Amino acid sequence: MNGRDELRELWCSQPYAGVAKGEELVKLVAKRTQHFDRAILVRNMLECTAAVVVAALLTQLAVRAHGLQRAGFIVIAASAVWIVYYLLRYGRGPANADPDQDLNAFKRALLERYDRQIRLLKSVKYWYLLPPYIGLLIESAGKLLNDAKVGQLPWRDFLLPLFYTAFFAFGWWLNEVHAVARLRTERSRLLSLADGPNDSDA
Amino acid sequence: MRLPLRKRKSMPAEAITQPAREQVKDANRHDTFLRLIAQYDPALRRLAAGYVWHGADREDLFQEIAVGLWQAIPKFRGDASERTWLYRIAHNIAISSSTRLHHRARREKTMPDAFDRASGGPDSEQELLRNEKRELLLEAIRGLRAVDRQVVLLHLEGLDYSEIEEVSGLSQSAIATRLSRLRYKLRKLMQSRETREL
């Protein structure tokens with residue numbers, strides 16, 4: 001027996017223990033697909049609902065407030081709508097790269113997907129964090145001025161900006177540092193795993 | 001058999017409603033899927049074993065491939081043969097999934113593979129030796145880079161050069177060169193591990 005046949009024989013003689021088969025597998029596949037579709041639908045609905053609720057609430061507050069505080073509330077309300085618009089318009093590419101292509105093309109598609117996600121996360125500070133943060137700063141400044149006018153400067157006026165600054169800084173770290181690092185690791189893993197057909201002897 | 005022209009005219013396209021068309025499509029997809037799985041189940045499970053270490057991961061990968069096939073069936077145009085189309089999808093899904101499963105795989109690399117041993121049921125010394133050799137082959141294959149792994153796995157599954165070309169996008173001469181190099185490399189790797197274990 002030559003080496004090649006032995007390898008093939010060894011390979012094909014692998015024992016396997018399949019859990020799901022036939023109709024059972026169809027049900028499982030349908031369940032997984034539906035679960036995925038439903039998860040996306042729920043996420044989109046939650047985001048839109050949250051944006052509408054935040055915008056409505058802040059608009060109501062803006063109506064009651066005056067001066068800088070009103071401007072702050074309007075900016076936050078607009079930010080909520082803007083974030084959902086941005087997510088729906090630019091944030092969602094195809095869920096997965098189309099696997100019906102050769103390895104090199106598939107690798108390119110996967111890398112593009114990683115790059116798009118990394119770009120999106122790296123720009124989070126501009127389209128996701130900064131607009132509501134600026135709105136909150138304006139609102140806080142307005143409140144501080146109003147309180148100063150009546151001769152009251154409660155500690156909350158100073159503590160609240162510190163709290164949400166820390167919150168937004170954490171959001172920035174989570175997206176731009178932590179998540180980007182994870183995606184970069186996966187990307188480099190893909191690069192080292194899938195050396196393209198053009199790189200050596202194609 | 002084709003319908004006579006008059007009869008075809010009397011049955012306009014609108015007569016087949018959209019939901020009915022969808023039902024036919026779904027039934028076709030369902031039947032095609034069942035046929036493909038029945039035909040390629042062992043091959044797809046072997047393929048999963050070539051990409052991930054742990055038994056649970058293999059089942060998970062197999063199911064991911066099944067989902068990928070289910071989603072791809074309506075898009076199949078018949079440009080390539082069904083077999084090469086299926087392998088292309090399966091390998092690509094395996095590559096993208098194994099990128100995510102890498103950390104878990106590395107952690108469990110040193111653990112004995114209960115999946116193979118338990119299901120193989122070695123009852124003789126020869127069978128035991130065979131199982132060990134198979135483990136060595138799997139280990140050697142999992143150590144290859146994706147494109148090499150793909151070429152070797154397709155070759156071991158019995159695809160010819162033109163079919164491997166359709167799946168991988170490599171030229172036939174490149175496949176031949178790679179395969180002879182890889183066969184030599186695999187034998188060497190297996191031998192070196194065998195001697196190390198002795």
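Student: What share of the 202 residues of chain A count as buried?

Tutor: In this predicted model, 19% of the 202 residues of chain A count as buried.

Student: And how many of the residues of chain B, in percent, count as buried?

Tutor: For chain B, which has 198 residues, the buried part comes to 34%.

Student: Which elements is chain A built from, helices or strands?

Tutor: Chain A has six helices and zero strands, so that, read from the N terminus on, its elements run α-α-α-α-α-α.

Student: How many helices does chain B have?

Tutor: Chain B has nine helices, again with zero strands, and from the N terminus on its elements run α-α-α-α-α-α-α-α-α.

Student: Back to chain A: of the contacts between residues at least 6 apart in sequence, what percentage join residues at least 24 apart?

Tutor: That percentage is 73% for chain A, while in chain B residues 24 or more positions apart account for 64% of the contacts with a separation of 6 or more.

Student: Now the two chains together: how many residues does each chain bring to the contact?

Tutor: Chain A brings 39 residues to the contact and chain B brings 48 residues. On the side of chain A that touches chain B, at least two residues each are supplied by α1 (3-12), α2 (22-64), α4 (103-122) and α6 (156-193) of chain A.

Student: Which helix has the largest share of that side of chain A?

Tutor: The largest share of the side of chain A that touches chain B comes from α2(A), with seven residues. By class, the residues of that side divide into 21 nonpolar, eight polar and ten charged.

Student: New topic, then: what does the domain assignment give for chain B?

Tutor: The assignment for chain B gives domain 1, covering 16-110, and domain 2, covering 124-198. Between them, twelve residues of domain 1 of chain B are in contact with twelve residues of domain 2 of chain B.

Student: Which helices supply at least two residues each on the domain 1 side?

Tutor: On the side of domain 1 of chain B that touches domain 2 of chain B, α2 (18-49) and α4 (82-107) of chain B each supply at least two residues, and the largest share, six residues, comes from α4(B).

Student: How many residues of that side are nonpolar, polar and charged?

Tutor: The side of domain 1 of chain B that touches domain 2 of chain B has seven nonpolar residues, together with three polar and two charged ones.

How values were computed
Residues numbered from 1 in each chain as written. Chains lettered and ligands numbered in written order. Predicted model: local features only at pLDDT ≥ 70, side-chain atom pairs only at ≥ 80, totals over all residues. Contact = placed C-beta atoms within 7 Å. Helix = DSSP H or I, 4+ residues; strand = E, 2+ residues; numbered from the N terminus. Nonpolar A, V, L, I, M, F, W, Y, C, P; charged D, E, K, R; others polar. Buried ≥ 20, exposed ≤ 12 C-beta atoms within 10 Å, placed from the backbone. Domains from an automatic or database assignment.
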